[in-house]
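Biologist: I would like to learn how to read this model feature by feature. Could you begin with the backbone?

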Amino acid sequence: MNPDYSGLFAALGPETALVLGALAVLGLDLSVFRSRTRADRLRLALSVAALAVLAAGASVWLGPRGPIYGGVLILDPLAVATRLGVLVLTLLTLGVTRAAAELRQPAEYVAVMLFAATGLMLMAAAQQLLLVFLALELASLSLYVIAGFDHSRRDSAEAALKYFLFGGMAAAFLLFGFSLIYGVTGSIELPRIAAYISLQGADPLLLVALVMVLVAFGFKVAAAPFHLWAPDVYQGAPASSAALIASASKLAGFTLFTRLLWPGFGAAAGNVASLTGEPGWLPVVAVIAALSLLLGNFAALAQSSLRRLLAYSAIAHAGALLLGVMAFGKSGPAPLFYYASTYGLATVGAFGVITAMEAGGRCEEITDLAGLHRRSPLLAACLAVFILSLAGIPPLAGFFGKFAVFSAALRLGGVAGPAGWLAILAIALSTVALYYYLIVLKQALVASPAADARPIRVPRVAALTLAAAAVLIVWFGLFPSQLIGLF
Amino acid sequence: MSLLPWTIYLSLAGALLALAGGRRSAGTARWVALLTAAGAWILTLLAATRFVPGPGLQTLVDASWIPSMGVRYHLAADGISLTLLVLTGIAATAGVLFSWNIEERTGEFFALFLVLVAGVYGVFLSADALVLFIFYEVAIVPKYFLIANWGSTNREYGAMKLALYSFAGSSMVLAGLLWAYAVGGGHGFGFADLAQATAGLSRHQQIAVFALVFFGFATLAGIFPLHTWAPTGHVAAPTAASMLLAGVVMKLGAYGCLRVALPLSPVGFAYWQAPIAWLAVVGIVYAGLVALMQEDLKFVIGYSSVSHMGFVLLGLAAANLQAVSGAVLQMFSHGVIAGLLFAVVGRMVYDRTHTRKLADLRAMPLYRLLPFAAAVFVVAGVASMGLPGFSGFPAELTILIGAWKRDPAWAAVAALGVLVAAAFTLRAIQLGFFGSKETAQQPAPVGAADHPLQFEPVSAAEKIGALLLIGATVLIGLRPDLLLDWINPALQSPLLQAALKAGTP
């Protein structure tokens, strides 16, 4: 193989833009803006970062397509869409990041966020096990750092440590799994592994390796029973870090692992159309999905903390997204991508509202939302859109995500097998979910404000960002084909 | 006819305007809401004058929406939908008139109200099951906030119960539709496409799909034993919302049963016909008996709604021309009458007396203090009992005749329900409005003896709203053929004929 460096360079344009942006953020902060106030430094860092993200977006848009550098990276429609999705979600996260006491080194925070985005971009396109692992680790390590960035709170340190320990364990499993795969198939290139499996059939050792990969998958997307880090991280991390972890990281994670599972190990998928199907990784994913749906929805009922509620709802959504992963082989990436990206929009938005509220006081418990409609009608309206979209109320985007994923899952052999049952279960549980989402909205839109509550002033950029996220959710809800038709 | 989709868009635009207007003054929001509701109603009437009855839906809009799933934005109308559209217009306009006294967050109130109305118009106009479902869910969320925010007794409980029952019902519908579509290999969500896809399923699956869709919709129509959300929700709701809930939103459920569920699977319908009919007649009698025992005037009306909706479900289950056309007529009739009853109880009486307890009202008595309210309630009560001259009479009579033809036992039990309805209505009239001071069981409140109770007189807005609704019920009572001439041709459409045939032994 002739190394095609110019092709590689063109394909990595977005990553280059992000890294240069991060370096520029750090450099400018250390030199020109060193003596400015913290708010100014954050503003500059965010502006530079936003420019870098926009440049990266342009580069993705204009960049090459198809396999790159002998198939180390693949820029198929799913990869391109995921990369754009990651950039949009990162941009929205930057937009709601605010100058707060906990960000003592604002430029470093923003720079690490850009590094995380770089990792996520690579995850979206990686097709070689080594690069998969490196991309995953780059993203994860950056996310551990920003999860623990708030030095003023013990929660934040706890979140980072938990996230790091679980993440390290998951990475170890993943690496062990990869080494077994390499040992069995003799390659780290996904297409060759796929070819090997379809020729030789699924080795028992390979199935063991796949289970290990699924452990890392479950960790990355916060699916039960690998979800234990999620509530603490969502609660303890700075809100904008949590937003990135819950949205862009999830989207990239789903793309990465779906690419591993279907194009890579599709021949070892097994069968979920009936109970007596052949062994493979699909039944394992089905079990993880069922656990996530049940645990996420029922545990969310018991939460009094807003962020923990969002965390458990994220676990439930991960369960539904796993249905999309199962249906990928038959229905393609459209349902999964639509669900994951619009879910990301709603989650970034919800955390954005939390960030904005923290500027005006506390936002820990659900009851802290009380009277939001008086304190800031804009935040209340945006939150209503985000939460109702998470609940899957049409015509918001969340509904079509569920609709597409469930109908794709039902097409996997109908209601006779586990996939169909899972879809029916997920539809039934959406009623449970509506209850806890309405509890949140009841506080925000119905309850009257606490006696000492003051109106919230939302900075213009954050207001625009939240409004943009809400508009996108309504837009993709009214015109779902804009996303579904991409594939 | 082509004006009809504008009812949806006009209501949505009105909602935005009312929200904006509410920031300036409550009065602006009220007038915007009134003009919007009345404007949409006039649109339905204009369309009605140009309507040529015929079998099948007459397409109004048909555009590709989600091509990869075969979903089309397809709006259409026939005589059945037109009947209910006109009803929605009346109920919405009267609802605005009866909420003229909302002072708190007026703009938001009317915005939510109009979104709910837009969703209702959308359901009645949809010719694609998914579009129908979406409008159906659009109507759920505003209900919750209308009740939780502006409601009375136990409002948060009532609102949540209502929202969860509605959503559970709609989840069942979604599961059933997706099952039929995805497993049956459907190409779209048009009613005929879905029926075709369902026909490809096995008999057991068809029975299950039908049950999911029918009972999902029937939950919102208040079928026994899934009706318990209705009385609590209606009682908790502010007047305009209970008028719309009982008057129109319960009809969404019945309409869904008729339009989506029945044609979906003749096999499933044949299997479930008798259970549905028995649940309906049990609901008629049971809810009537419960209404007879209530101490709260609004609960009497709430349970009476469940009882009257039982007739609609019985009509659908009996599945012959008379019964089904009677069911549609009853939807219209009950929509008007329930609206009127809730208006009297919620707005005219409760907003002034601040009590709905029959014992308290009996001691006032209201026929002296609020003669207009008493008169309207008597008219509404008489109409609700199904006396000739009012719309309830032709509706319930045709349903009973139709049901008798299918199975005399159903008709016999349902006729018993008519007696019970007369009993609880007369009791409510007597105790609520025509008591006397001597009947007071407890000593009158302090000071009441020196200062006889004085209530603010019934406002012009209320009078207009009441006369509007009374006019509608009397007009249809005298000329039921006006609506039946729309409804009967619509029942000749091949899809509905197939369903009716399945229900005929």
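Predicted model: local features only at pLDDT ≥ 70, side-chain atom pairs only at ≥ 80, totals over all residues.

Biologist: How many residues does helix H7 of chain A have, and what span does it reach?

Modeller: H7(A) covers residues 154–185, which is 32 residues, and reaches 46 Å from its first C-alpha to its last. That is close to the 46 Å expected at 1.5 Å a residue (the expected span is 1.5 Å times one less than the number of residues).

Biologist: Which residue has a positive phi although it is not a glycine?

Modeller: Most residues other than glycine have a negative phi, and most peptide bonds are trans. Ala222(A) has a positive phi of about 60°. Ala222(A) lies in the loop between helix H9 (204–220) and helix H10 (229–236) of chain A.

Biologist: Which residues does a cis peptide bond join in chain B?

Modeller: In chain B, the bond between Phe224(B) and Pro225(B) is cis, with omega about 0°. Pro225(B) sits in the loop between helix H9 (203–221) and helix H10 (229–236) of chain B. In chain A, the peptide bond from Pro394(A) to Pro395(A) is cis, and its omega is near 5°. Pro395(A) is found in the loop between helix H17 (377–391) and H18 of chain A.

Biologist: At what angle do H6(A) and H7(A) pack?

Modeller: Two packed helices are described by the angle between their axes and the distance between the axes. For H6(A) and H7(A) the angle is about 175° and the axes are 10 Å apart. Because of that angle, H6(A) is roughly antiparallel to H7(A). Axes are lines fitted to C-alpha atoms, for helices over the stretch in contact, and angles run from 0 to 180 degrees between N-to-C directions. Angles under 35 degrees count as roughly parallel, over 145 as roughly antiparallel, 65 to 115 as roughly perpendicular and the rest as oblique.

Biologist: Which residues of H6(A) meet H7(A)?

Modeller: Leu129(A), Phe133(A), Glu137(A), Ser140(A), Tyr144(A) and Ala147(A) do, and the residues they meet in H7(A) include Tyr163(A), Phe164(A), Gly167(A) and Phe178(A). Contact requires C-beta atoms, placed from the backbone, to lie within 7 Å. This contact of H6(A) with H7(A) has 14 nonpolar, 2 polar and 1 charged residues. Nonpolar covers Ala, Val, Leu, Ile, Met, Phe, Trp, Tyr, Cys and Pro, charged covers Asp, Glu, Lys and Arg, and the others, Gly among them, are polar.

Biologist: How do H6(A) and H12(A) pack, at what angle and how far apart are their axes?

Modeller: Helix H6 (residues 129–147) and helix H12 (residues 248–264) of chain A pack at about 160°, with axes 12 Å apart. They are therefore roughly antiparallel to each other. Val132(A), Leu136(A), Ala139(A) and Leu143(A) of H6(A) make the contact with Ser249(A), Ala252(A), Leu256(A) and Leu260(A) of H12(A). By class, the contact of H6(A) with H12(A) has 7 nonpolar, 1 polar and no charged residues.

Biologist: What is the angle between H14 and H20 of chain B?

Modeller: Helix H14 (residues 321–353) and helix H20 (residues 460–478) of chain B pack at about 155°, and their axes are 9 Å apart. That makes H14(B) roughly antiparallel to H20(B). Residues in this contact include Phe332(B) and Arg347(B) from H14(B), and Glu462(B) and Leu469(B) from H20(B). The contact of H14(B) with H20(B) holds 11 nonpolar, 4 polar and 2 charged residues.

Biologist: How many residues does each chain give to the contact between chains A and B?

Modeller: Chain A gives 26 residues and chain B gives 25 residues. On the side of chain A that touches chain B, helix H18 (397–410), helix H19 (418–446) and helix H21 (481–484) each supply at least two residues. H19(A) gives the most to that side, with 11 residues. The residues on that side of chain A divide into 18 nonpolar, 6 polar and 2 charged.

Biologist: How many helices and strands does chain B have?

Modeller: Chain B has 22 helices and 2 strands. Its radius of gyration is 22 Å, close to the 23 Å that the globule rule gives for 505 residues, so chain B is as compact as a globular protein of that length. The radius is taken over C-alpha atoms, and the rule is 2.2 Å times the number of residues to the power 0.38. Chain A comes to 21 helices and 2 strands, and its C-alpha trace spans about 70 × 55 × 40 Å along its principal axes.

Notes: Residues numbered from 1 in each chain as written. Chains lettered and ligands numbered in written order. Contact = placed C-beta atoms within 7 Å. Helix = DSSP H or I, 4+ residues; strand = E, 2+ residues; numbered from the N terminus.
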